[in-house]
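Please open the model in a viewer and keep the sequence panel at hand.

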Amino acid sequence: MKPDLKTMTRKQLEKLSADIDTALARVSKKEMKLALAAAEKAAKAHGFTLAEVLPGGRSEQRSKSKTAETPNKPGIPRFANPDDKTQTWTGKGRRPNWFIAAMQSGKSPDDLVI
């Protein structure tokens, strides 16, 4: 049964889209398993395991993530609150309230440099 897209409501179209995405993910996962099995079979036919053929091994590739390679490092504080030296700011991101208040009271950023 072919749905008539021209007569469907927005809600019906969104549900159809979600159903399509779910079906595509399921089929993709199934095809990935088949491809992996075929690759393992081909490697075995040549006397290797898939881990030996792939650079870094299959298990290592799956466990690596981009965040594991480049962890976020905390920024180095460049400015400190003159009233409370434990409050610092790197100079990146949103300006803290104490920094804004110091600027409004006539101080310059150079006055707050650590």
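The stops below go from the whole chain to single residues.

**Before selecting**

The model is predicted: local features need pLDDT of at least 70, side-chain atom pairs count only at pLDDT 80 or more, and totals for chains, interfaces and linings use all residues. Residues are numbered from 1 along each chain as its sequence is written, and side-chain values use heavy atoms, with hydrogens and water left out.

**Stop 1: the whole protein**

Display the protein as a cartoon. It contains 5 helices and 2 strands, and along the sequence these follow the pattern α-α-α-α-β-β-α. Helices (H or I, at least four residues) and strands (E, at least two) are DSSP runs, numbered from the N terminus.

Of the 114 residues in the protein, 11% are buried. Buried means under 20% relative accessible area, exposed over 50%, and partly exposed in between (1.4 Å probe, protein chains only).

Among contacts in the protein with a separation of 6 or more, 23% join residues 24 or more positions apart. Contact here means heavy atoms within 4.5 Å.

**Stop 2: helix H5**

Select residues 97-104, which form helix H5. Which residues of H5 are buried? They are Trp98, Phe99 and Ala102. Viewed down the axis of H5, these buried residues fall within an arc of 100 degrees, so they line one face of the helix. The arc is that of the directions from the helix axis to the C-beta atoms. Turn to the other side of H5 to find Asn97 and Gln104, which are exposed.

Just after H5, Gly106 has a positive phi of about 105 degrees.

**Stop 3: the aromatic cluster and the core**

Show the side chains of Phe79, Trp89, Trp98 and Phe99, which ring pairs link into a cluster. The structure holds 4 aromatic pairs. One of them joins Trp98 and Phe99 edge-to-face, at 6.0 Å centre to centre with 75 degrees between the planes. Rings of Phe, Tyr and Trp (its six-membered ring) pair if their centres lie within 6.5 Å; planes under 30 degrees apart count as stacked, over 60 as edge-to-face and the rest as tilted.

**Stop 4: Phe79**

Centre the view on Phe79, in strand E1. Phe79 is buried, at 7% relative accessibility. The C-alpha atoms of Phe79 and Trp89 are 5.2 Å apart, although these residues are separated by 10 residues along the chain.

**Stop 5: the loop between E1 and E2**

Select Asn81, which lies in the loop between E1 and E2. Is Asn81 buried or exposed? At 7% relative accessibility, Asn81 counts as buried. Its side chain makes a polar contact with the side chain of Gln87 (2.5 Å). A polar contact is a pair of N or O atoms within 3.5 Å; within protein, one must be able to donate a hydrogen and the other to accept it, and residues adjacent in sequence count only if both atoms are side-chain atoms. Beyond four places in sequence, Asn81 touches Gln87 and Trp98.

Asp84 is also in the loop between E1 and E2. Asp84 is partly exposed, with a relative accessible area of 30%, and its side chain makes a polar contact with that of Thr86 (2.6 Å).

**Stop 6: after H5**

Finish at Pro109, in the segment after H5. Pro109 is partly exposed at 36% relative accessibility. Leaving aside neighbours within four places in sequence, Pro109 is in contact with Phe79, Phe99 and Met103.
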